[in-house]
Amino acid sequence: MEPEQPSPDTERASLHEETQVPPPTLWPAGFAIGVVVILVGLVVHPELISPIGAAIAVVFGYLWARDATAELRGRAIVVEPERRERPEPREPAAPTGLEGVAPRPAVETAVTRSRFLEGATLGLGGVIGGLITVPVAGFAILPSYLGQKQHKVDLGPLSMFPLGQWFVATFTTDPAEGEVSRRTAFIRNNGTVADPKTGQMVPSFTIISNRCAHLGCPVQANGPSGAILGQKTVFERTANGKVRLIPVVPAGYGCPCHGGQYDTEGNRTAGPPVRALDRYAFEIDNGRLVLLSTYSVSHVVGTGAQAKIYKYQEAGPGQHVDGPEQWFYPLQPPHH
Amino acid sequence: MTLRRPPTRAELRRQRMEELVTYPLDWLEERSGLVGGIRYFLFRNVPSDVNWMQTLGSAALTAFLVQAITGVILAMYYTPSAATDPATGKPVAYESIQNITDHLTLGWLVRGMHRWGASVFIILMFLHMGRVFLFGAYKYPRELNWIVGVLILVLGMMEGFTGYLLPWDQTAYWATVVGINLNGTAPFLGPWLAQFLRSGQEITGETLTRFYSLHMLVIPAGIMALIGLHLYLVIRLGVSSPPWSKEAAGMEPAEEEPVPARRPGLMRPVPRGAGAAAIQAEPGGRD
């Protein structure tokens, strides 16, 4: 193909196209600034700044309106023809691309206005979309509460718990939360045991959570309780509101939902649970029994004060804490 | 040859009445094309031997609309609060349900429709799914609509799960405990999913508000969007014939419809039947 200069006709046509565009005007920008000044003035100094903004807006609005309606009012629009120097062809062989499939001249490879606007729109849209997504995704993925405080549950003086007697204790972990935080635990005073580290004699309690290790239903004590035993249910008022202690003689624990069964130490004996019942950590504070967080237990060897408890970080019901299945739950959400 | 005579007054009145009726419709049609659009949506050609079983989808849609309308009414009276009412000692959410059932005019009816309608919606979706499966209506080119339908079914069951907690009684509470813990046993992300559903480590009043929000805002919006897509695909692809049809499924006589050179594009409306015929007639199709 032979390189060819564009004919004067086509050149004029392309220039003509460009000169048809009305000249950009600054009046809308001035009007917008005026509106901004009004709004800022409303916050800063409504009596002084806002009228100034209003004046700016009115002046520029008038100029803008005059400009925009010039054609309607029959005023000729004066347009400065835009002039551009034709770039020298870098290579003599480069055609100008005005016919057929000739390659584009170098000047057209620059970013055009529409390309730029397209990119800017998509880019800004992406940024805005990302900004909206971050809180939503964070909300969905992150734990609802970070740094929850541990609930301490005061269950009353140690004298309430005779040696070797089981109780079904019900209490609210957070009185502000109300009845929905009511929990149940099976408690037995094991007397005292030598602390393995210090050798001192310390109180020992077995405190088993009644949350089934299958799917979290309320486990019940299998055995007579309360009036049948000729013993009274004790109600106390502590810092945690009303605490109820029901004397019980359990032969084990059973779940009403899917039939999981446990022995008195919380070991699974039958049914679908995947581990033993969770237990409460506790402390003795001024002679009172105080429950702390729960922890998970795979199984317990022995009973009472001599029991060897295989203790794990708190896991949800149905989640294995030992054996190969524990690999399915490598990361637990934070737990107080 | 009609006799050219001046119209009688009755005729003139009739003409004016007709103009009165058609004018707003014409006005709307000229500016929006909505009248034609609705006609295109509702008055479609279907195979001559369609079966009553093929109304199950519409029935499921109707059940969903009943759920939406009764749900809006219930939302006006229900309070998703686990707080205890000091006057009665009962949770506020439970009391508001009692109030709807016992005191609100026709409240028992609206709540009953919503409560039983939920089961009806799920059952109809399953029946519709069975019909589509047994008719083979999920096959090419309708696979995507099957997938969309399955998503609607999943979201519908999520509606059931989140709605079940709202009465905030013992059944609701323990069913949700089991349901959330069941999710919690899923490998790897299960514990995180469970804590998301619970809004923390324990079921609290915030679980209730979260389920309420999911139940009436998030999931219905998803279902509505998917129903829109589902219907769009039904209209675009047409209704399939029953498997015992004498005609090949969804096929129109070839000589009546000239086969387009290429498959109709997304933006070009397909005359009913022509799309299916075009698809059938393509090389490799079941011609």
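User: What is the pLDDT over residues 262–270 of chain B, and how many contacts does the model have there beyond four places in sequence?

Analyst: This is a predicted model. Over residues 262–270 of chain B the pLDDT stays under 50, and the model has 8 contacts for them beyond four places in sequence. Residues 273–287 of chain B also have pLDDT under 50, with 34 contacts beyond four places in sequence. Where pLDDT is low, the predicted coordinates should not be read in detail.

User: What does chain B average in pLDDT?

Analyst: The average for chain B is 87, and 85% of the residues score at least 70. For chain A the average is 84, with 83% of the residues at 70 or above.

User: Why is B:Gln54 called partly exposed?

Analyst: A residue needs 20 or more other C-beta atoms within 10 Å to be buried, and 12 or fewer to be exposed. B:Gln54 has 19 C-beta neighbours inside 10 Å, so B:Gln54 counts as partly exposed.

User: Where is B:Gln54 found, and which residues does B:Gln54 touch, not counting those up to four places away in sequence?

Analyst: B:Gln54 sits in the loop between α2 (34–42) and α3 (56–75) of chain B. With that exclusion, B:Gln54 touches B:Arg131 and B:Val239. The C-alpha atoms of B:Gln54 and B:Ser240 are separated by 9.2 Å, although the two residues are 186 residues apart along the chain.

User: What makes up the secondary structure of chain B?

Analyst: Chain B has 10 helices and 0 strands, and its pattern along the sequence reads α-α-α-α-α-α-α-α-α-α. Of the 287 residues in chain B, 27% are buried. Among contacts in chain B between residues at least 6 apart in sequence, 63% join residues at least 24 apart.

User: What is the order of the 4 strands in the open sheet of chain A, and why do β5 and β10 of chain A stand at the edges?

Analyst: The order is β5-β8-β9-β10 (chain A), with antiparallel pairing. β5 (220–221) and β10 (268–270) of chain A each have a single partner strand, so one side of each is left without a neighbour in the sheet.

User: How many bridges join strand β6 of chain A to β7(A)?

Analyst: Strand β6 (residues 234–238) of chain A and β7(A) share 5 bridges and run antiparallel. The count is over the required two, so these strands pair. They form a hairpin with 2 residues between them, and A:Arg237 stands opposite A:Lys242 in β7(A).

User: Which residue takes a positive phi in the hairpin of β11(A) and β12(A)?

Analyst: A:Asn286 does, near 55°, in a hairpin with 2 residues between the strands. Strand β11 (residues 279–285) of chain A is joined by 6 bridges to strand β12 (residues 288–301) of chain A, running antiparallel. A:Phe282 has A:Leu291 in β12(A) as its bridge partner.

User: Which residues touch the most other members of the largest nonpolar core?

Analyst: In this core of 35 residues, they are A:Phe167, A:Ala169, A:Phe186, A:Ile187, A:Ile207 and A:Leu277. β2(A) supplies the largest share, 5 residues. Leaving aside neighbours within four places in sequence, the contacts of A:Phe167 include A:Phe161, A:Ile187 and A:Leu245. A second, separate core has 22 residues, among them A:Val180, B:Trp168, B:Phe211 and B:Tyr212.

User: How many residues does the contact take from chain A and from chain B?

Analyst: The contact takes 23 residues from chain A and 24 residues from chain B. On the side of chain A that touches chain B, 12 are nonpolar, 9 polar and 2 charged.

Definitions and conventions. Residues are numbered from 1 along each chain as its sequence is written. Chains are lettered from A and ligands numbered from 1 in the order in which they are written. This is a predicted model: local features need pLDDT of at least 70, side-chain atom pairs count only at pLDDT 80 or more; totals for chains, interfaces and linings use all residues. Two residues are in contact if their C-beta atoms, placed from the backbone, lie within 7 Å. Ala, Val, Leu, Ile, Met, Phe, Trp, Tyr, Cys and Pro count as nonpolar, Asp, Glu, Lys and Arg as charged, and the others, Gly among them, as polar. pLDDT is the predictor's confidence in each residue, from 0 to 100. A nonpolar core is a set of buried Ala, Val, Leu, Ile, Met, Phe, Trp, Tyr and Cys residues joined through C-beta atoms within 7 Å.
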